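Here is a short tour of one protein chain. Please look at the sequence and the structure first.

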Amino acid sequence: MAFGWNKRRLRKAYHRVRHLPRGLDFFRYTGNKARGAYLRSVGSTKVAHPSSVMLEVTNHCNLKCITCPREYQYGEEMAKGFMPIDQLKRMVDQVYPYVDSIGLTGLGETLMYKQMDEAVDYIRSKSQGIITTISINAHLPKCVEIAGRLVDKLDTIQISMDGVGDVYEQVRLRSDYNTFFENTKAICEVARGKRAEVMFNFVAVKENYHTMAEVVEAASQLGVDYVNVTPFNVASVTAHDISYYDFFQTKAFKDEVVRAKETADRLGNVELSIWDVKSQPGFQKCHLPWGHFYISWDGWMTPCCAKPFPKELNFGNVFEEGLMTCLNKPEYRQFRQLWYENKTPEFCRKCHMVDMPAVDLPVELPMN
């Protein structure tokens, strides 16, 4: 996946460089980077300690969204719960001092995790430089209060924003747009001048793509600096096949991207980015076998965040076996060997990384 160096990423990179580990930990950190680079240079299927992890603090949610994998067959069959705080701390211990970023998110509503303050404080006790992100839906009754406690400790608060008005409610079932709008407005107010940046993530589907420009306008009105557009991924959605991706090739979709870009340019205070839709598909487009590793709430290491269902495929339980043991298991190394050969595993079929044809957009946007 290509990463566009937009303003948000540049700021995060600058902050990370300013707060690298010191003393002996600095040599551990840089030595691990060198080892990782060496392993890739020689075509090894082993990995060094990860630079980025996602800790699924919970997969419970208060909404039912048509864009979410948890609302389809695999999600219905998965076990649900909350990551024990002692196990979360053990994971942080195992990735420090090597890690650059930690995402405290997953298939659920992050702020339903009652130990969120303790989790973020523990990460900060390790290093002020670890880039820490959460993703929320801005619907919980106390979400503004909780966000207010975290805005000087987090780096990014990502809010799911899949349309405006009635369209939003048609995509995000059980939601209320007015509640969302007022909560998001309040979160932006408490975040103003603080460490955390607020961004919208817009999952483009047939039901909402025509509101992209209006989402940018709402972001501008609310004080949200960034809007990222992500095409719907049907990898774990049993209700659709890869023909769904034909929609992103249509003139109608491309015209709406153009209108959203023109709106962002006109307003001047919102940066619009889009998932990497321009690169040619294939397993080698995916970076997840090598980084941003996903750990489910109950400790299972799954291949990715798009299909984080241990019953379908996992590479062991990190709570029981340890992080690095799971990362370099023979089964995981075989998975990475397929990446070198650009052969898509059956598990990854239907993912937009491998089955969505490249989209020739008529405008230039940062690729997220």
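The report below goes from the sheet to its helices, then to the cores and the loops.

## The model and its sheet

This is a predicted model.

Two parallel pairs deserve a look. Strand S7 (residues 197-204) and strand S8 (residues 226-231) are joined by six bridges. Within this pair, Phe202 has Val229 of S8 as its bridge partner. S4 and S5 also run parallel, joined by four bridges. Here Ile136 is the bridge partner of Ile159 in S5. Strand S5 (residues 156-160) is mostly covered, with four of its five residues buried.

## Helices on the sheet

Helix H5 (residues 116-126) has its own set of buried residues. Among them are Met116, Asp117, Val120, Tyr122 and Arg124. The buried residues of H5 pack against H4, S3, strand S4 (131-136) and helix H6 (143-150).

## Helix H2

Helix H2 (residues 24-41) has 18 residues. From first C-alpha to last, H2 reaches 26 Å, close to the 26 Å expected at 1.5 Å a residue. Which residues of H2 are buried? They are Asp25, Tyr29, Asn32, Gly36 and Leu39. These five sit on the same side of H2, because they cover an arc of only 95 degrees around the axis.

The other side of H2 carries exposed residues: Leu24, Phe27, Tyr38 and Ser41. The buried residues of H2 pack against helix H1 (7-18) and helix H13 (330-340). Gly43 follows H2 and has a positive phi, near 75 degrees.

## Nonpolar cores

In soluble globular proteins, nonpolar side chains tend to be buried together. The largest nonpolar core here has 110 residues. Leu55, Leu88, Ile102, Leu104, Phe200, Phe248 and Met301 touch the most other members. Helix H9 (residues 212-222) gives the most to this core, with seven residues. A second, separate core has six residues, including Tyr74, Leu107, Tyr294 and Phe309.

What does Met301 touch, leaving aside its neighbours within four places in sequence? Its contacts include Phe293, Tyr294, Ile295, Phe315, Val318, Leu323, Cys326, Leu327 and Tyr332.

Thr67 is in the loop between strand S2 (64-65) and helix H3 (73-77). At 13% relative accessibility, Thr67 is buried, because the cut-off for buried is under 20%. Beyond its neighbours within four places in sequence, Thr67 is in contact with Asp162, Val171, Arg172, Val203, Val205 and Phe232.

Ala239 lies in the loop between S8 and helix H10 (251-267). Its relative accessibility is 53%, so Ala239 counts as exposed. Ala239 is 166 residues from Gln73 in sequence. In space, the two are 8.6 Å apart, C-alpha to C-alpha.

Most residues other than glycine have a negative phi, and most peptide bonds are trans.

Tyr96 and Pro97 are joined by a cis peptide bond, with omega about 10 degrees. Pro97 is in the loop between H4 and S3.

Arg174 is not a glycine, yet has a positive phi of about 75 degrees. It sits in the loop between strand S6 (172-173) and helix H8 (177-191). Arg174 is exposed, with a relative accessible area of 61%. Asn342, also not a glycine, has a positive phi of about 55 degrees. Its loop runs between H13 and helix H14 (352-355). Asn342 counts as partly exposed, at 37% relative accessibility.

Methods: Residues are numbered from 1 along each chain as its sequence is written. This is a predicted model: local features need pLDDT of at least 70, side-chain atom pairs count only at pLDDT 80 or more; totals for chains, interfaces and linings use all residues. Side-chain values use heavy atoms; hydrogens and water are left out. The expected span of a helix is 1.5 Å times one less than its number of residues. Buried means under 20% relative accessible area, exposed over 50%, partly exposed in between (1.4 Å probe, protein chains only). The arc is that of the directions from the helix axis to the C-beta atoms. Contact means heavy atoms within 4.5 Å. A nonpolar core is a set of buried Ala, Val, Leu, Ile, Met, Phe, Trp, Tyr and Cys residues joined through side-chain atoms within 4.5 Å. Two strands pair if DSSP finds at least two bridges between them.
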